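Dear colleague,

I am passing on the structure below, and my notes on it follow directly after. Please read them with the model open beside you.

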Amino acid sequence: MRRRSCCCLIAVTMAILLFIIFICGSIGSHVRVESRSQSEVRVSGRALYKLDISWPKNPEYFTGQVFGVAVNHLAGLVYVAQRGDNVPKVLVFSTDGDFLQAWNTSSLEMPHGIFLANASADPTVWITDVGNGSYGHTVKQYSPSGKLLQVLGSPGRAGSSLSPLQFDQPAEIFVHSSGEIYIVDGDGGLNNRLIKLSRDLQVLWMHGEKGQGLAQFYIPHSVVVDSYQRVWVADRGNKRIQVFNSVTGDWLGSWGSCFKEDAPYSVRLTPDQKYMVVAQLNSNQIMLLEAPPIGIIGQCQVVSSIQLAEDVKPHLLDVDLKSAALYVAEIGANQAQKFIPVTAAGV
């Protein structure tokens, strides 16, 4: 009888322990959902964007450190580049948040920047690789499904040569609708360069000196071209944005007054070209600056800022040219998030 009572006590104790474990697991998972749905996002200035808490539908697919994001606005696809051992280097989601596929390519070591080119005809995905292995120090072109099409640079060999073309930790690429290519080369490596290539990959012009002077760089990190033949470069180490004529390469001006506390890490333009969207990693902030009209650079003016949660660390971002939604790659939070215009949010 005593033995049976002891067995019953053990069974009851085990059942209670299992129940507690179940409850704790449920609470932990609930907390994770709550922390995502109640992200510490604060907007100052004009309320232009709102966090879309429903995107993506399955954030558990983020298994690495998320470094970059690129949008095909016509196909409704979002490409997310991530780093890590034994993780797919590119994840593909729909703009509605559905997970579609992962690239299991072995040709990517450490993706940094990612760009969707030629969305209207024959879309391809360009990725800069800052790895130090046999595939690193290159800029690669892929099909939308992850097939390697072309490699720029000398795989596995860092350098500064223009013939043959070499890179050292290239940060980002921007491919214009004309087919011309702009590359910022130097995410902390030997080079601090902005290079423009023709459609057939000939060097058209370059700025390549390290320093704080005009047309000099210290860690050029992101690049975008507007509709007025102006090239905007996030000169991260110098805490400024520099502007150049896209045809001649002539220096046009710089913005620095908005970046006293933190550097610009990423630069993009809204589809209407009214706002420059800038990510600031260390201050966990997205800023929208008033984009100047043609013929004027002036000084930067902050229209709106989005303060993210602490240690989210927004790295690079992209803009959906159809909906104007922002997609932000966050290396601290190991995720990408979507922000939608307030008109689309219904507020």
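Both faces of β12 are covered, with Ile181, Ile183 and Asp185 buried on one side and Tyr182 and Val184 buried on the other, where buried means under 20% relative accessible area, exposed over 50% and partly exposed in between (1.4 Å probe, protein chains only). Strands here, like helices, are DSSP runs numbered from the N terminus (at least two residues in E for a strand, at least four in H or I for a helix). The model is a predicted one, in which local features need pLDDT of at least 70 and side-chain atom pairs count only at pLDDT 80 or more, while totals for chains, interfaces and linings use all residues. Residues are numbered from 1 along each chain as its sequence is written, and side-chain values use heavy atoms, with hydrogens and water left out.

Strand β12 (residues 181–185) pairs with β11 in the antiparallel sense over 5 bridges, pairing being assigned if DSSP finds at least two bridges between two strands. These two strands form a hairpin with 5 residues between them, and glycine 179 in the turn has a positive phi of about 95°. β12 also pairs in the antiparallel sense with β13 (residues 193–197), again over 5 bridges. Isoleucine 183 is the bridge partner of isoleucine 173, and in β13 the bridge partner of isoleucine 183 is isoleucine 195.

Some backbone details deserve a look. Most residues other than glycine have a negative phi, and most peptide bonds are trans. A cis peptide bond, with omega about -10°, joins tryptophan 55 and proline 56, the latter being found in the loop between β2 (49–51) and β3 (65–72). Another cis peptide bond joins serine 163 and proline 164, with omega about 0°, and proline 164 is found in the loop between β10 (148–152) and β11 (170–175).

Asparagine 284, in the loop between β22 (275–280) and β23 (285–290), has a positive phi of about 55° although it is not a glycine; asparagine 284 counts as buried because its relative accessibility is 6%. Aspartate 311, in the loop between β24 (302–307) and β25 (314–319), likewise has a positive phi, of about 65°, but aspartate 311 counts as partly exposed, since its relative accessibility is 45%.

Finally, valine 203 belongs to strand β14 (residues 203–207) and is partly exposed, with a relative accessible area of 32%.
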